Amino acid sequence: MSAARKHTALPKAQILIEALPWLTRHNGKTVVVKFGGNAMIDEELKAAFAQDVVFLRQAGLKPVVVHGGGPQISAQLDKQGLVSEFKAGLRVTTPEAMDVVRMVLAGQVQRELVGLLNQHGPLAVGMTGEDAHTITATQHRPTIEGELVDIGRVGKITAIDTGAVQALLDDGRIPVISSIARSADDNHVYNVNADTAAAALAAALNAETLMVLTDVEGLYEDWPNSDDVISRLTADELEKLLPELSSGMVPKMQGCLYAVRNGVKTARVIDGRVQHSILLEIFTDEGIGTMVVPDAQPGTVAQSGTEGEV
């Protein structure tokens, strides 16, 4: 082998070796990934996301993708002359808007993502929370200034049935799930927050990890005074921070909190604007973003330090 060839090949081997303990640890484990933000509308980021998810599958993990579609929904509503209105950080969803939400999520965003994944083989299967009663919801009425407010077809999850998702995973497929659900109360279809849906599915599937892609580097320690990112915190530490968080981060971090308190080993918020951020988080010693871990159980010693020690 020439000196030049050795020079280019060796770093590749070192990268693979660094990934080895992580590949061993995660082999056969379920990983739920919430796909959203800029990663959904940038062509290169979308392609890199699909490569990452397929890599997880080929490396022996069982990825499940849950997606929203805020930017695409807003664009389609605008095109149809329907106003986008938000209350308590949630989209006010009239029956007319719900038709658009359903069409965009299941007919556009999901189809495109399934297509990108299936460029690498017959892997991805698209479904919505309606399918096989995967997600059941009831109407969610948020409290604003002490009063319950009707924001239309916005759902609060009441039940998760993992049967169809697990069957796909057992068959070696990658489920791609749109965050809409049907109600057992009134049989209406509801728009469910994708962060919340991903967390609920991760817990119900007893996933190893929940990963939430977002448009920031992670959870900031003292925003806007500092852009230092908290690399690791416990569920209790996160719960204390929740009241101080920006409205956009609240459902993401509430989802992480719910996940780790309901059996998921770690929940991570990572920057979806970074190409291959999923692989960097799962398969490197440093990791990126913010990782939430369960509280230490009585009689155990809490672990600390870098991602590599957790």
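Modeller: Let us begin with the network of salt bridges that links D236, E239, R261 and D295, keeping in mind that the model is predicted.

Colleague: What makes the pair K34 and D195 a salt bridge?

Modeller: The closest N and O atoms of K34 and D195 are 3.2 Å apart, and a salt bridge requires a side-chain nitrogen of Lys or Arg within 4 Å of a carboxyl oxygen of Asp or Glu, so the pair qualifies. K34 lies in strand β1 and D195 in helix α6, so the pair ties together parts that are 161 residues apart in sequence.

Colleague: Why are α6 and α8 called roughly parallel?

Modeller: Helix α6 (residues 194-204) and helix α8 (residues 250-260) pack at an angle of about 10°, and angles under 35 degrees count as roughly parallel, which is why the label applies to α6 and α8. In this packing, D195, A199, A200 and A203 of α6 meet P251, K252, G255, Y258 and A259 of α8, and the residues of the contact divide into six nonpolar, one polar and two charged.

Colleague: Why does S179 count as buried?

Modeller: The relative accessibility of S179 is 2%, and the cut-off for buried is under 20%, so S179 counts as buried. The side chain of S179 also reaches the backbone oxygen of H67 at 3.5 Å.

Note on methods:
Residues are numbered from 1 along each chain as its sequence is written. This is a predicted model: local features need pLDDT of at least 70, side-chain atom pairs count only at pLDDT 80 or more; totals for chains, interfaces and linings use all residues. Side-chain values use heavy atoms; hydrogens and water are left out. Axes are lines fitted to C-alpha atoms, for helices over the stretch in contact, and angles run from 0 to 180 degrees between N-to-C directions. Helices (H or I, at least four residues) and strands (E, at least two) are DSSP runs, numbered from the N terminus. Angles under 35 degrees count as roughly parallel, over 145 as roughly antiparallel, 65 to 115 as roughly perpendicular and the rest as oblique. Contact means heavy atoms within 4.5 Å. Ala, Val, Leu, Ile, Met, Phe, Trp, Tyr, Cys and Pro count as nonpolar, Asp, Glu, Lys and Arg as charged, and the others, Gly among them, as polar. Buried means under 20% relative accessible area, exposed over 50%, partly exposed in between (1.4 Å probe, protein chains only). A polar contact is a pair of N or O atoms within 3.5 Å; within protein, one must be able to donate a hydrogen and the other to accept it, and residues adjacent in sequence count only if both atoms are side-chain atoms.
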